[in-house]
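Here are some notes for a colleague who is opening this entry for the first time. Please keep the structure in view while reading the points below.

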Amino acid sequence: MIFIHLFWEFFKIGVFSFGGGYATIPFLYHISQVYNWYSLDELTQMVAVASITPGPVGINVATYAGLKSAGILGSALATISEMLPSLFLVIIVSKLLKKFSDNFYVRAIIETLKPISCGLLTAVAIGLLKPEIKDIKAIILLAALLLLSWKSKKDPLFYILIAAFIGVINFIYIIQKH
Amino acid sequence: MSLFKLFIIFVKIGAILLGGGYVILPIMTSEFVDKRKLVSHDDVVDYFALAQSLPGIIAANMSMFIGYKLRGKWGAIIAMLGVTFVPFWCIVLLASVLSTLVNNSYVQGALWGVGVSVIALIMLTVREMWQKSKKNAFFYTIFILTLITLLVFKLSPIQTILLFTLIGVGYKRFREGRA
């Protein structure tokens, strides 16, 4: 019985959460109130863990909530149920785009999506940058990473690892100073 | 490309998906456009907007679009399972250990660095997107209006996408009608 509820609750999250990641948290909060699968404290802890492990936070939290609710089977079920609605939609949209690729409206939509896409990502960049502005070390590291790549592009993992390493060094330095 | 190979590529992508779902865009561009030349840069840009127009998690939606593009519906399913493979086992096997690590200062330090690298990666992607787009008056207008709507009027991405798709298509229809 718990598996049916689990499937249904996470399928609903997959249908109604737009904007990914933290957009799923209100739904998870609702679940913690209705069922006794996990407490509010556990939810907070889940979000914290979900943001330090690889993968999108919205999916990691589903995996974790499933695990708390019904063990490993629950976690597989919650993860897949949450992605199932978008799987259907992605397949349908991809098929339509292919079938009607010569259609005036489909071409107009695709052409309009490009500047919108650029705008969306620029807004993300600005949104992420804003809270870091006062952190002088973050700005120096950012400038260094950008400078490093200005001429030749490198693997994303290269930047992630270098920055993580510098972050650890920075913390060792802070600890020693105190 | 075999489904197995596709699965392995997405497992790798899932494993380095740190610091939130948005890094999926630079990672996808690096993996499928630059290294393997299987998908065009234009397609990746389209999928990013499409992935945000659909409900669900953006990084998963983008993976499924690319998976479908390369190997049809099985490609989409394989992409979905591949990209969540490492994240899934990380949570299932390490959740109890990790919950004690969250407040560890080394982990916090590394996360601080990862956060900065994510900003750098996204800025580089914006630059590349900008360089590779065909820019005309229509592009600039929609771009600037999108930015203002998101930053000043704080509409959600989905509302913004719907609004400007309607405006853009309406404008093109109007111009077509007159020509």
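1. Chain A is built from 7 helices and 0 strands. Read along its sequence, the pattern is α-α-α-α-α-α-α. Chain B has 8 helices and 0 strands. From its N terminus on, the elements of chain B run α-α-α-α-α-α-α-α.

2. Please keep in mind that this is a predicted model. The scores are ipTM 0.87 and pTM 0.87. Chain A has an average pLDDT of 89, and 98% of its residues score at least 70. For chain B the mean pLDDT is 90, with 99% of the residues at 70 or more.

3. Next, the dimensions. The C-alpha trace of chain A spans about 55 × 55 × 25 Å along its principal axes. Its radius of gyration is 21 Å, whereas a compact globule of 178 residues would have one near 16 Å. The C-alpha trace of chain B spans about 65 × 40 × 30 Å along its principal axes.

4. One helix pair across the two chains deserves a look. Helix 4 of chain A packs against helix 4 (residues 58-83) of chain B at an angle of about 70°, and their axes are 9 Å apart. The two helices are therefore roughly perpendicular to each other. Their crossing is right-handed.

5. Which residues make that contact? Helix 4 of chain A brings Ile59(A), Met83(A), Ser86(A), Leu87(A), Val90(A), Ile91(A) and Ser94(A). Helix 4 of chain B brings Ala60(B), Asn61(B), Met64(B), Phe65(B), Tyr68(B), Lys73(B), Ala76(B), Ile77(B) and Met80(B). The contact of these two helices has 12 nonpolar, 3 polar and 1 charged residues.

6. Now a pair within chain A. Helix 6 (residues 136-149) of chain A and helix 7 (residues 156-177) of chain A pack at about 150°, with their axes 11 Å apart. Helix 6 of chain A is therefore roughly antiparallel to helix 7 of chain A. The crossing of helix 6 of chain A with helix 7 of chain A is right-handed.

7. The contact of that pair can be read from the side chains shown. Lys137(A), Leu141(A) and Leu145(A) come from helix 6 of chain A. Tyr159(A), Ala163(A), Ile166(A) and Asn170(A) come from helix 7 of chain A. By class, the residues of this contact divide into 5 nonpolar, 1 polar and 1 charged.

8. Last, a pair within chain B. Are helix 1 and helix 5 of chain B parallel or oblique to each other? Helix 1 (residues 3-15) of chain B packs against helix 5 (residues 85-101) of chain B at an angle of about 50°, with their axes 7 Å apart. That angle makes helix 1 of chain B oblique to helix 5 of chain B. Val11(B), Gly14(B) and Ala15(B) in helix 1 of chain B meet Phe85(B), Val86(B) and Pro87(B) in helix 5 of chain B. This contact has 5 nonpolar, 1 polar and no charged residues.

Terms used. Residues are numbered from 1 along each chain as its sequence is written. Chains are lettered from A and ligands numbered from 1 in the order in which they are written. This is a predicted model: local features need pLDDT of at least 70, side-chain atom pairs count only at pLDDT 80 or more; totals for chains, interfaces and linings use all residues. Axes are lines fitted to C-alpha atoms, for helices over the stretch in contact, and angles run from 0 to 180 degrees between N-to-C directions. Helices (H or I, at least four residues) and strands (E, at least two) are DSSP runs, numbered from the N terminus. Angles under 35 degrees count as roughly parallel, over 145 as roughly antiparallel, 65 to 115 as roughly perpendicular and the rest as oblique. A crossing is left-handed if the near helix is turned anticlockwise from the far one by less than a right angle, and right-handed if clockwise. Two residues are in contact if their C-beta atoms, placed from the backbone, lie within 7 Å. Ala, Val, Leu, Ile, Met, Phe, Trp, Tyr, Cys and Pro count as nonpolar, Asp, Glu, Lys and Arg as charged, and the others, Gly among them, as polar. pLDDT is the predictor's confidence in each residue, from 0 to 100. The radius of gyration is taken over C-alpha atoms; the globule rule is 2.2 Å times the number of residues to the power 0.38.
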